[in-house]
Amino acid sequence: MERINANFENYIGASEGISEMAYQMTAHVLTLGYAVMLAGLLYFVLTLKMVAPKYRMSNILSVVVMVSAFLLLYAQSNNWTSSFVLDQETGRYFIGSGADFFNNGYRYLNWLIDVPMLLFQILFVVTLTKSKFSSIRNWFWFSGAMMIITGYIGQYYEVSNLSYFFIWGAISTAFFFHVLYLMNKVIKEGKEGIPEKGKKILSGIWGLFLVSWFLYPGAYLMPHLLGIDGPLFSEAGIVGRQMTYTIADICSKVIYGVLLGNLAQVLSNAEGYTHKRTEETEAVYN
């Protein structure tokens, strides 16, 4: 079959179809993604007042990230179930006649909103000792946005033009490494003069950042890493990519936000801030 479809999932769904297990596993993973974001939204709202007012912008940004992620991942989950139709004779799912193609672009739109906010978050918790806040913020925004935009363009060529797919992916990766450089710089400066517990949390954030963010280029390349042809490997690529994206999203948004909140609590306590427990937050402590 000529590879004219923009996404790998559509190419497989239009040619050999997707098995019941692969289809349902992908649907469940996509559902898990937006459900966790909704749970994260509740957590960040309830814990907002557990840190000193000067650190609360980090939690507020987490709330915005959760709302954005929930809405767009919910849309992508519906996109998956509406794009494929079960063929009763073969027991496999194919692109439905007249249906919209499945589109990973929903994730890129979500990242275009969330990535700058995720990067800004840490700037409202740590104190920069050498770098200028506005400079780091602007570079975070520029490199983060360009990383997503170039990756968004590249993913449309993943089955039709591998040269464009890898060129745009390489450009996106260059911006990705610049973001890593900036984050490492911020974390190193943020460790200066804070309690030991805070330093350990920042080290944990850096480790989480490295692991979770490196999952994204892996997912971008996964269809070609596992093999684009053949029913077993092609389905593994479909399920594996959505699982990888979902795990990366949960780690880089929810767990990252929780760790930043814990860091803000440590710094708040060190500065003498005491949170008065209320009925709403008692459950969080217990």
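1. The strands β2 and β3 form a hairpin with four residues between them, and Gly-91 in the turn has a positive phi of about 75°. Strands here are DSSP runs of E with at least two residues, helices are runs of H or I with at least four residues, and both are numbered from the N terminus. This is a predicted model, in which local features need pLDDT of at least 70 and side-chain atom pairs count only at pLDDT 80 or more, whereas totals for chains, interfaces and linings use all residues. Residues are numbered from 1 along each chain as its sequence is written, and side-chain values use heavy atoms, with hydrogens and water left out.

2. Strand β2 (residues 84-87) pairs with β3 in the antiparallel sense over four bridges, where two strands are said to pair if DSSP finds at least two bridges between them. Within this pairing, Leu-86 stands opposite Tyr-93 in β3. Strand β1 (residues 18-19) is also antiparallel to β3 (residues 92-95), over two bridges, and there Ser-19 stands opposite Arg-92.

3. Together the three strands form an open sheet in the order β1-β3-β2, with antiparallel pairing. Because β1 and β2 stand at the edges, each with a single partner strand, one side of each is left without a neighbour in the sheet. Helix α1 (residues 8-15) lies across β1, β2 and β3 and runs at about 115° to β3; the angle, on a scale from 0 to 180 degrees, is taken between N-to-C directions of axes fitted to C-alpha atoms, for helices over the stretch in contact, and contact means heavy atoms within 4.5 Å.

4. A search of the whole structure finds 26 aromatic pairs, that is, rings of Phe, Tyr and Trp (its six-membered ring) whose centres lie within 6.5 Å, with planes under 30 degrees apart counted as stacked, over 60 as edge-to-face and the rest as tilted. One of the pairs is Tyr-23 with Tyr-93, which is stacked at 3.7 Å centre to centre with 5° between the planes. This pair links distant parts of the chain, since Tyr-23 belongs to helix α2 (residues 20-46) and Tyr-93 to strand β3, 70 residues apart.

5. The largest pocket holds about 360 Å³ of space. On a 1 Å grid over the protein atoms alone, a pocket is an open set of points with protein on both sides within 12 Å along at least five of seven lines, a cavity is a set where a 1.4 Å probe fits but cannot get out, and lining residues have an atom within 4 Å of a point. Grid points are joined across faces, edges and corners, and a volume is the space filled by probe spheres set on the points.

6. Of the 23 residues that line the largest pocket, Met-147, Ser-172, Tyr-216, Pro-217 and Tyr-220 lie nearest its centre. Helix α6 supplies the largest share of this lining, seven residues. By class the lining has 16 nonpolar, five polar and two charged residues, where Ala, Val, Leu, Ile, Met, Phe, Trp, Tyr, Cys and Pro count as nonpolar, Asp, Glu, Lys and Arg as charged, and the others, Gly among them, as polar.

7. Two cavities of 30 Å³ or more are found in the whole structure. The largest cavity contains about 50 Å³ of space, and α8 gives the most to its lining, with five residues. That lining has four nonpolar, six polar and no charged residues.
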